[in-house]
Amino acid sequence: QLRLLLCFCGYFGWHLVWPLRHFVLYAPGVSWHEEGHLHAWHMKLRSKGGWAVLEAVEAGGRTTLYTPTSDRHLTYGQVKKAIDRPHAFLLWTTGLARLHMMAGRNLTALHPRSCFSLNSRPAAPLYAPPTANLLDFLGGYELVPPFGPSAVGRWLTSLPPSSGEDQCEHHLPYRADLMRKNMDELHTAAGLSFRSDGGGGRRSDWKLFAPNGQFAYTQKLHLVDDALADYLRRSRGVHGEGRT
């Protein structure tokens, strides 16, 4: 009976404490930076909208712009989450790095550009500073000491003030058609193909396929496995930065 009581208290104690972790482990403003947001009883408390773009820098200085909205690999619901939810955005960024690896491109940096507004607050960058290299943070979201530092102040910003001036330097000064072209070219270079899986004419009938003929979404493109980790180590060797 004592063991059963301990298991019962431990189980319910965990489910009581875990949603409150953001009050202790992370910076204020969980609805903004979303560290500690999952399972935190914060559903329907915020409205956040904006845009995010990644500037990919390759060895030799070539730069290319990408955004989740230009990725035909994503559904409409996934695009919305990949833009304004940092964890989903970092997973999409991981997939972007893997596509560069599959395409044989020597990617050295992924720099974020963004502008968001939370609950009608003045707009501000969410993913910043623009000099941050997201390659250094792939696979390391929402880690806490001793496993890793918070992302706030490294590639996420703190909660902006509820009043004041707009902090964004630009308001989506990028061409959507050009970024769609960039994304399609990267898919092709990586050996992925976008085609119908059943001959239907609807948008939902078209899927992205990997070089092995399997659906791309089954290939775990967003995970940092040994191959991608080795590619990232070599990339960091090129641009001279170590993972932090």
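This is a predicted model: local features need pLDDT of at least 70, side-chain atom pairs count only at pLDDT 80 or more; totals for chains, interfaces and linings use all residues.
## Starting with strands

Two strands count as paired if DSSP finds at least two bridges between them.

Let's step back for a moment and look at the whole chain. The protein has 244 residues, and 42% of them count as buried. Among contacts with a separation of 6 or more, 66% come from residues 24 or more positions apart.

## The three-stranded sheet

So which strands sit together, and in what order? An open sheet is built from three strands, ordered β2-β1-β3, with antiparallel pairing. At its edges are β2 (63-66) and β3 (107-118), each of which pairs on one side only. From one strand to the next, the twist averages 20°.

How many bridges join β1 to β3? Strand β1 covers residues 48-58, and eleven bridges tie it to β3, with the two running antiparallel. As for cover, β3 is mostly hidden, with ten of its twelve residues buried.

## Helices against the sheet

Two helices to look for here are α5 and α6. Helix α5 (residues 86-102) packs on the sheet and touches β1, β2 and β3. Its direction makes about 25° with that of β1. Helix α6 (residues 176-189) packs on the sheet too, touching β1 and β2, and its direction makes about 105° with that of β2.

## Where α4 meets α5

Now for a pair of helices. Two packed helices are described by the angle between their axes and the distance between the axes. Here the axes of α4 (residues 76-84) and α5 come within 5 Å and cross at roughly 100°. Angles of 65 to 115 degrees count as roughly perpendicular, and α4 and α5 are therefore roughly perpendicular to each other.

Which residues make this meeting? From α4 come Lys81, Ala82, Ile83 and Asp84, and from α5 come Pro86, Ala88, Phe89 and Trp92. Sorted by class, this contact has six nonpolar residues, two charged ones and no polar ones.

Some of those α4 residues are also hidden away: Val79, Ala82, Ile83 and Asp84 are buried in that helix. What covers the buried residues of α4 includes β1, β3 and α5.

You'll find Glu34 in the loop between α3 (30-33) and β1. Is Glu34 buried or exposed? The cut-off for buried is under 20% relative accessible area, and Glu34 has 7%, so Glu34 is buried. Its side chain makes a polar contact with the side chain of Lys48, at 3.0 Å.

Arg105 sits in another loop, the one between α5 and β3. With a relative accessible area of 14%, Arg105 is buried. What does Arg105 touch, leaving out residues up to four places away in sequence? The list is Glu58, Arg62, Tyr66, His100, Glu185, Leu186, Ala189 and Tyr231.

The loop between β3 and α6 holds two details to look for. One is Asn119, which has its place in this loop. Phi of Asn119 is near 50°, which is positive in a residue other than glycine. Asn119 is partly exposed, with a relative accessible area of 39%.

The other is Pro129, which lies in the loop between β3 and α6 as well. The peptide bond leading from Ala128 to Pro129 is cis, with omega near 5°.

Conventions:
Residues are numbered from 1 along each chain as its sequence is written. Side-chain values use heavy atoms; hydrogens and water are left out. Helices (H or I, at least four residues) and strands (E, at least two) are DSSP runs, numbered from the N terminus. Axes are lines fitted to C-alpha atoms, for helices over the stretch in contact, and angles run from 0 to 180 degrees between N-to-C directions. Contact means heavy atoms within 4.5 Å. Angles under 35 degrees count as roughly parallel, over 145 as roughly antiparallel, 65 to 115 as roughly perpendicular and the rest as oblique. Ala, Val, Leu, Ile, Met, Phe, Trp, Tyr, Cys and Pro count as nonpolar, Asp, Glu, Lys and Arg as charged, and the others, Gly among them, as polar. Buried means under 20% relative accessible area, exposed over 50%, partly exposed in between (1.4 Å probe, protein chains only). A polar contact is a pair of N or O atoms within 3.5 Å; within protein, one must be able to donate a hydrogen and the other to accept it, and residues adjacent in sequence count only if both atoms are side-chain atoms.
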